[in-house]
Protein chains: 2
Amino acid sequence: MDEKIISFQKGDLITPEQAMQLAIAVAYEGAPFVSPNPLVGCTVVDRNHQLLATGYHAKYGADHAEVDALKKLQIDELKNATLYVTLEPCAHEGKTSSCAKYIATLPVKKIVYGLMDPNPLVSGQGAQILTNAGKTAVLYEGSLKSDLEDVCEVFLKNYREKKIFVAAKVASSLDGLIALKSGESKWITAEASREFVHELRSRYDAIVVGRNTVEMDNPSLNIRHKKITKQTQIIVIDPAGTLLRKIQSGSKFKFLEIHDAKNIFFITKEPEAKSEWQQIKFSNLANLNQQLWTKGIRSVFIEGGALTYSSYLSAGLVDRLHLFMAPVIIGAQNGISWSQNFGIAQLEQKLQLKNLKIKEFRPDIYMTGSL
Amino acid sequence: MDEKIISFQKGDLITPEQAMQLAIAVAYEGAPFVSPNPLVGCTVVDRNHQLLATGYHAKYGADHAEVDALKKLQIDELKNATLYVTLEPCAHEGKTSSCAKYIATLPVKKIVYGLMDPNPLVSGQGAQILTNAGKTAVLYEGSLKSDLEDVCEVFLKNYREKKIFVAAKVASSLDGLIALKSGESKWITAEASREFVHELRSRYDAIVVGRNTVEMDNPSLNIRHKKITKQTQIIVIDPAGTLLRKIQSGSKFKFLEIHDAKNIFFITKEPEAKSEWQQIKFSNLANLNQQLWTKGIRSVFIEGGALTYSSYLSAGLVDRLHLFMAPVIIGAQNGISWSQNFGIAQLEQKLQLKNLKIKEFRPDIYMTGSL
């Protein structure tokens, strides 16, 4: 995410905050492939606080971040080194062996970890293994606490609440409009930000769209990114089943050609007796999320339209907003607002975004925060 | 505006781009008091490109930027110095003597100016005087061209089109809402950005508000800023005259107590026979602007509400948008959009903002661009 941080090189003198920032930044590299594991990043610095290596958990089943970083180094480079890890090194043996036990065998001096293991049964145990081995293991206390929670947010939500994480992506004008009432909506934002949208899509297990968006925009809903190849799952909210019936009567849509039928879910109140695609019976969004959870989906990425965004907002189910704004004014008179079916009675009920981050994808602006 | 640039100190080695950026940044310091003159800033560097001084046109009738900067220096410091000025040094003697002639007498070597004098009768003459005196005078060609146009925009609009400059300030939620339909609207944005709003108010000759905003919010409409003391003029758009009649029947509003009656203009279709305050007969906004021009007003700052913003947008009369966004979602269902009475038939008619700048006033975001 942050190019300045990512561009540090081996041997650069970095501060503790920069080391942790770097660990956070590289953690996101694993985002397309770690689910249901957490995103984790690690930075190793030598006794003089010069950068040695970074690593991240790249894929479910692959090396943990600490191991990924340490494997790049010779053992004598690690003498009195410090590790910055976004999450407490794991104490237990699972798909991989215990990171804490592995680090305990190395001449590393200090481990700074961003968050405690959220599992109360093992929380603190990784740090204990390290302390017992004569290392200094400390919980990070600094200005990046919110960023550390953010990088781990999907896992934390999954783990703490046994619920899927819901992100919404909106591309609007400066006055909050995503389309004209006529339905015209394409290309409100520009090329640079659309590229990043494909990266974001890859971070979540499934894309959610409303029936109307499929009919109006006919999107492909695949991940088109030069570095990331990933199949995603598609969830179409179609409560009355009108879209599914249209399709069964022969209507063609791009996403049906691109995605395997097993990766497409139609969400309808009355599932059809026969369907090539997956179906989930719809009662309400909270219940839908529960059903998706049982199917192994841990996070979704809502891509519109207005009714879909508004319904999730009204249900209090949006965990993160990814907002792309084009520097244009469309006018609300003939425009469709992304929050048009969501309303509050008093301003004190407004939804507040936390730890807002801003990035320019010129000419667009990208803002994101958690709710 | 840009703290990093402003914080350079005498003796710092700076690049040509930084020198011009600094000249632009200091130019804005004069914004409250130079009207109808242009904002101009100047940076002086020595032969090694180390910063010597900056200066700006601080007030109508006061020293021009070049003189303000040069006065801070000894003549021997100026040997082989370079001046960066946002606007071509003036050739003619006016309220002050000619800057070009003054600089010609100094041991300065080079003058880089951001824009040509917009007056075709004298454009290039300042540079000619300098060249004739053996100096190198060059028109700046670099990445800050748009910023140089921006700093001079009120003057350029006034000078080229004989029209007033119109800026609109909007404080909205992320979904483009400025209030609830109930009228509740206070404090959508936070303290830090409200402080900057007072600085912005001071940059323009008058504040424009709609009747409804006065009735709903009862604003003071004065400039409350620790460094800037300035009386501003107030223009109340009240086409049907309902507000003016209410006031004449005894209704109290804060702004009436704070501002002298001679600084308050009521804009009504049928002016009242007797009024303590100024009145302008309203036919349309373009005509209103012409009438304000004849009264010596060169720029206005629109502060709402939705109907006022939308009317100016529909008339194509907004030259700059100052948009403050709070990181909140209000929902369009019960909210009022700032562009609610403005609409386009096709997306290609959308209004495009140029040279967008973003600044954080945490937790709010400020964006500004010209239309």
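**Interface between the chains**

In total, 38 residues of chain A are in contact with 38 residues of chain B, contact meaning that the C-beta atoms of two residues, placed from the backbone, lie within 7 Å. This is a predicted model, in which local features need pLDDT of at least 70 and side-chain atom pairs count only at pLDDT 80 or more, while totals for chains, interfaces and linings use all residues. Residues are numbered from 1 along each chain as its sequence is written, and chains are lettered from A in the order in which they are written.

- On the side of chain A that touches chain B, S14 (328–329), S16 (351–352), S17 (354–361) and S18 (364–370) each give two or more residues; strands are DSSP runs (E, at least two residues), numbered from the N terminus.
- Because 100% of the interface residues of chain A are also interface residues in chain B, the copies meet through the same surface.
- S16(A) pairs with S14(B) in the antiparallel sense over two bridges, pairing requiring at least two bridges found by DSSP.
- Within S14(B), Ile329(B) is the bridge partner of Leu351(A).

**Symmetry**

- Chain A superposes on chain B by a rotation of 180° with 0.0 Å of shift along its axis (RMSD 0.0 Å), fitted by least squares on the C-alpha atoms of residues with pLDDT of at least 70 in both.
- The two copies are thus related as by a two-fold rotation axis.

**A sheet in chain B**

- Five strands form an open, mixed sheet in the order S2-S1-S3-S4-S5.
- S4(B) (residues 110–113) and S5(B) run parallel, joined by four bridges.
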